[in-house]
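Notebook open, structure loaded. I want to go through charged pairs first, then a helix and a strand.

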Amino acid sequence: MDLRIFTEPQQGASYDTLLKVAKATEDLGFDAFFRSDHYLAMGSADGLPGPTDAWITLAGLARETKRIRLGTLMTAGTFRLPGVLAIQVAQVDQMSGGRVEFGLGAGWFEEEHRAYGIPFPKEKFPRLEEQLAIITGLWGTEVGKTFTYKGAHYQLTDSPALPKPVQEKIPVLIGGHGATRTPRLAARYADEFNMPFASIEDSERQFGRVAKAAEEAGRTAGDLVYSNALVACVGRNDAEVARRAAAIGREVDEIKANGLAGSPAEVVDKIGRYGAIGSSRVYLQMLDLDDLDHLELISSEVQAQLNQP
């Protein structure tokens, strides 16, 4: 089971804070550092000192880290034109020496679009399909040849399709709860399917839909990695768990029901139950980015147990 660290900087984090977390992620042996792609805080958080851009952040971290994978859950398709996004991601892949993974979603948080003057189209999913076709098409075009695309929402004519990523194929992540279109899109474009903040039962059901869609598309179910994103709140004792839950404005029982909370042994057991239904990677949503001791505890007491033969 791979454990990855997943941050939500829109809730309030500077680049320097994210750098500290990314370096701790690397030093403590986690597989990857991921971040959300939002410009507005949610809930009661004040969001100070203000939002950071996902791909500018990852570009900086690409030069400051050496081993960990870097990516987004998920880049909002509404924020960027697909041709520009293909350039940005390929450049960060070059800057990292080939460590980028690319999660792309349709975009959903209308309020942040209004706050920063970003158009929020009514039909987002058809745009997402075209974006995936364009971005993967640009990366896959042979050097010296051009890429042309004529869609309902985007048109590219004789693009040189540059720059190229370092990786022969940047892993593409698609995720979500949709029962029909999401599995079909994952079957066509994804290297990994991520189920965000879902129960074991709902995850198993959705993994089954994606596996079936993959087979219908001429792939095998095993061609994709299946993963989950879950909030983490781990403590050595009940008081420590309660303190960490309070720090992120959550109740312990609620996190135990909907995420990963409790002692290291409890969390290892629950991760194991996700593993039993096909999940091989968990993105640990860390909401208190100043609590680096939390990362150390998960590394030494959770990850270490999961890595035992």
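**Entry 1**

I started with Glu 112, where a polar contact of 2.8 Å joins its side chain to that of His 38. (Polar contact here: a pair of N or O atoms within 3.5 Å; within protein, one must be able to donate a hydrogen and the other to accept it, and residues adjacent in sequence count only if both atoms are side-chain atoms.)

Ground rules before going on: this is a predicted model, where local features need pLDDT of at least 70, side-chain atom pairs count only at pLDDT 80 or more, and totals for chains, interfaces and linings use all residues. Residues are numbered from 1 along each chain as its sequence is written, and side-chain values use heavy atoms, with hydrogens and water left out.

I placed Glu 112 in helix 4, residues 110–116. (Helices are DSSP runs of H or I with at least four residues, strands are E runs of at least two, and both are numbered from the N terminus.) Is there a charged partner, or none, for Glu 112 within salt-bridge range? None: Glu 112 is buried without a salt bridge, and the nearest side chain of opposite charge, Arg 35, is 8.7 Å away. Buried means under 20% relative accessible area, exposed over 50%, and partly exposed in between, with a 1.4 Å probe and protein chains only. A salt bridge needs a side-chain nitrogen of Lys or Arg within 4 Å of a carboxyl oxygen of Asp or Glu. For charge, Lys and Arg count as positive, Asp and Glu as negative, while His and the chain ends are not counted.

I also listed what Glu 112 touches, leaving out residues up to four places away in sequence: His 38, Tyr 39, Leu 40 and Phe 79. Contact means heavy atoms within 4.5 Å.

**Entry 2: salt bridges**

I searched the whole structure and got 22 salt bridges. I looked at three of them in detail.

Glu 64 pairs with Lys 23, with the closest N and O atoms 3.9 Å apart.

Next I took Arg 80 and Asp 37, whose closest N and O atoms are 2.8 Å apart in a salt bridge. Arg 80 sits in the loop between strand 4 (75–76) and helix 3 (82–96), Asp 37 in the loop between strand 2 (32–35) and helix 2, and the two are 43 residues apart. Buried or exposed, Arg 80? Arg 80 is buried at 10% relative accessible area, and Asp 37 is buried at 2%.

Glu 240 is buried at 14%, whereas Arg 243 is partly exposed at 46%. Both belong to a salt-bridge network that links Arg 236, Glu 240, Arg 243, Arg 244, Asp 291 and Glu 296.

**Entry 3: helix 8**

I stayed on helix 8 and checked its sides. Glu 240, Val 241, Arg 244 and Ala 245 are buried. They cover an arc of only 135° around the axis, so they are on the same side of helix 8. (The arc is that of the directions from the helix axis to the C-beta atoms.) The face turned away from that buried side carries the exposed residues Asp 238, Ala 239, Ala 246 and Ala 247.

What do the buried residues of helix 8 pack against? I found strand 10 (225–234), helix 9 (252–258), strand 11 (260–262) and helix 11 (292–306).

At the start of helix 8, a side-chain oxygen of Asn 237 comes to within 3.2 Å of the backbone nitrogen of Ala 239. After helix 8 comes Gly 249, with a positive phi near 70°.

**Entry 4: strand 12**

I checked strand 12 (residues 281–286) and found six of its six residues buried. Arg 281, Tyr 283 and Gln 285 point one way, Val 282, Leu 284 and Met 286 the other.

Strand 1 (residues 2–7) pairs with strand 12 in the parallel sense over six bridges. (Two strands pair if DSSP finds at least two bridges between them.) Opposite Met 286 I found Thr 7. Strand 10 also runs parallel to strand 12, joined by five bridges, with Ser 227 as the bridge partner of Arg 281.
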